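Please open the model in your viewer and keep the selection tool at hand. The stops below are meant to be taken in order.

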Amino acid sequence: MLVIGLNSGHDGAIAAVKDRRVLFHLEGEKDSYPRHVKLNPMRILEVMERIGETPDVIALGGQTKERAWFSGGNPDIWTGYFDPRSVSRREGTFCGERTTIIASSHVRSHIMMAAGMAPRDDAPLRAVLVWEGQDGTFYLLDERWEIVREISVMRRPGSRYVMLFALANPVYPDHVRTAHTDDAGKLMALAGYGDPADANPNVVATVDRLLGPWESFGAKGQYKDSPVYNVGVEADVTKIAAALLQQRLFDVFARVAQEEIPAGIPLYISGGCGLNCDWNTMWRELGHFSSVFVPPCANDSGSALGTALDALHAMTGDPRVEWDVYCGLEFECDQDPDPTQWERRPLEQAALADALASGRIVAWAQGRYEMGPRALGNRSLLADASDHLMLERLNEVKQREAYRPIAPCCRIEDAGKVFDADFHDPHMLYFRMVTSPDLGAVTHVDGSARAQTVTKDSNKPLHDLLSAFAERHGVGVLCNTSLNYKRTGFINRTSDLVHYCETRGLWDMVIGDTWFQRIRSRVDWDGGFVPSRFVKRLIEQNVPEGGTVVVIAEGVDEMLELEGRRGWHFPQNEDGSHHGDFPADSEEAIAALEALREKGASHLAIPASQLWWLEFYGGLQEHLDDHYRVVVRDDGCVIFEMKGA
């Protein structure tokens, strides 16, 4: 039996299930489309071309019409959003062939997605928690997967969570009642900086209001008396409020679970709140349930699959399927990287491990992309996890806020060496505490990490790389963050990947078993190749206060605005301004540099985009090696101390 599931709304997606195995799960946002976009016709065509047959069942997920254009009548699309028992079925045709058409509500798609993807068990009763932007309810399922009880806890729990972010952020106007969906992850990161115990009565009162009845929730402007109102998302009071809200919101649901749900039954979690690793860990540690399962597509991205599994249940009485998280599309090589810009070489795990250890950031694309929003080693940026500076660099590349953490991927053999727990978490859904002092880039401010553990079975290419890294550099742990433009889904074609690397200052990309290395050449600063603030930060961290740094900055004055240090252009005019012409040869370059040393320059900084100097002026390279000491050699900048070798 072939079942096609469709979610046409927010986080639109299409899923194909045949003979109880998930064949494809394609989300509208993947391939660099905007985050949370609706399902587009290309995704439908891509699935139908690949399966090559008429579906036996087409499953449609219910939604609610957008109020922006709808102003009356029936707001529901198909079976609507909320009714957990709403299922319709009729016989129809698809491309002239007979097929069964089944529609069920959005909330029901969450329920059946979690139930159908969960590990098989023989429990006579199972609890499904759906907590997301709209619904916050426990549903008890019997052995026939029928809903036998609903326990409503809170309307719109997710909306309350992101509302705190909007409350603190001056960008949001007073009339809003919630914030952008992406802000949930930002608030989760901020909560790690706060301690609920530090909340004063006014902060507690704000959180109490945010947890009150939705009818009295109010717009942002009604919270002007709150100490969080427009104070800024990085203010200490915001972080404390985030930590308190996160704890209190969980406590509300946990209390209901302990009072209303029999102990010792499995818990399945669905909805966008299922991506909060803190809460998932709390559910496991609560001890009330025999097991806790969270799917990797817990948010609306999994609704298409949930609708397909609900249709499978309607047809057979059983929603359970076999699935692999890597069920997206293969990487599309739509063009060859320019050979004058990129050198092609076979992938050598040991050499790549050494490149990572030296500070390089690698764009890594393998096989089919992941189901759900998290990169799990097939569409990832990989980097050394040992230095906290790498966290800053990756957030620069990702164009993210500096307070947001970077997750690690860890070879399962090494998990117990660097974390307080070595359980297998292939989908990066739980937190654990870091016990090693050598993982600065992936250790959040509260000492935690959202680690993906990797086995040979779960992801062999990534496991092989981690093993090579462990063999040569101590432990198989790397930074692992998603390979995507800001607010878009994963990159899935060569043309986008090349553009991404060339505009974000990345020198290495691996596609399958081919390693492309950037040929170091002169790059226009306007392309954003190496962010000025990153080079400045490197200089300030490696040059003593009072030092004078000669910077090959191609006239970018911002590069010379150093705190506690002087910055000089190279080459420069007598008045210190940038000299527009380049030295005629190595001898002239050396003479100009030595003249600046005689004037008092103590260091020379060469950003990565200017390393072509060392290739073009070979004599200058020899002079630097013979007379100066390297202070730092980073993928973004090389700094020499001009005191002699």
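This is a predicted model: local features need pLDDT of at least 70, side-chain atom pairs count only at pLDDT 80 or more; totals for chains, interfaces and linings use all residues.

**Stop 1: α3 and α4**

Select residues 157-168, which form helix α3, together with residues 183-191, which form helix α4. The axes of the two helices lie 9 Å apart and meet at an angle of about 75 degrees. Angles of 65 to 115 degrees count as roughly perpendicular, so α3 is roughly perpendicular to α4.

Now show side chains. On the α3 side, pick Tyr161, Val162, Leu164 and Phe165. Facing them from α4 are Asp183, Ala184, Lys186, Leu187, Met188 and Leu190. Of the residues in this contact, eight are nonpolar, two are charged and none is polar.

**Stop 2: α6 and α7**

Move on to helix α6, residues 236-260, and helix α7, residues 277-286. Here the packing angle is about 35 degrees, and the axes are 11 Å apart. The crossing of α6 past α7 is right-handed.

For the contact, select these residues:

- from α6: Gln246, Gln247, Leu249, Phe250, Phe253, Ala254, Ala257 and Gln258
- from α7: Asp278, Trp279, Met282, Trp283 and Leu286

By class, the contact of α6 with α7 has nine nonpolar residues, three polar and one charged.

**Stop 3: arginine 320**

Finally, go to the loop between α8 (303-316) and β14 (342-346), and select arginine 320. Is arginine 320 buried or exposed? Its relative accessibility is 15%, and buried means under 20%, so arginine 320 counts as buried.

Leaving out residues up to four places away in sequence, arginine 320 touches Arg20, Ala115, Gly116, Arg120, Asp121, Arg126, Trp145 and Leu312.

Methods
Residues are numbered from 1 along each chain as its sequence is written. Side-chain values use heavy atoms; hydrogens and water are left out. Axes are lines fitted to C-alpha atoms, for helices over the stretch in contact, and angles run from 0 to 180 degrees between N-to-C directions. Helices (H or I, at least four residues) and strands (E, at least two) are DSSP runs, numbered from the N terminus. Angles under 35 degrees count as roughly parallel, over 145 as roughly antiparallel, 65 to 115 as roughly perpendicular and the rest as oblique. Contact means heavy atoms within 4.5 Å. Ala, Val, Leu, Ile, Met, Phe, Trp, Tyr, Cys and Pro count as nonpolar, Asp, Glu, Lys and Arg as charged, and the others, Gly among them, as polar. A crossing is left-handed if the near helix is turned anticlockwise from the far one by less than a right angle, and right-handed if clockwise. Buried means under 20% relative accessible area, exposed over 50%, partly exposed in between (1.4 Å probe, protein chains only).
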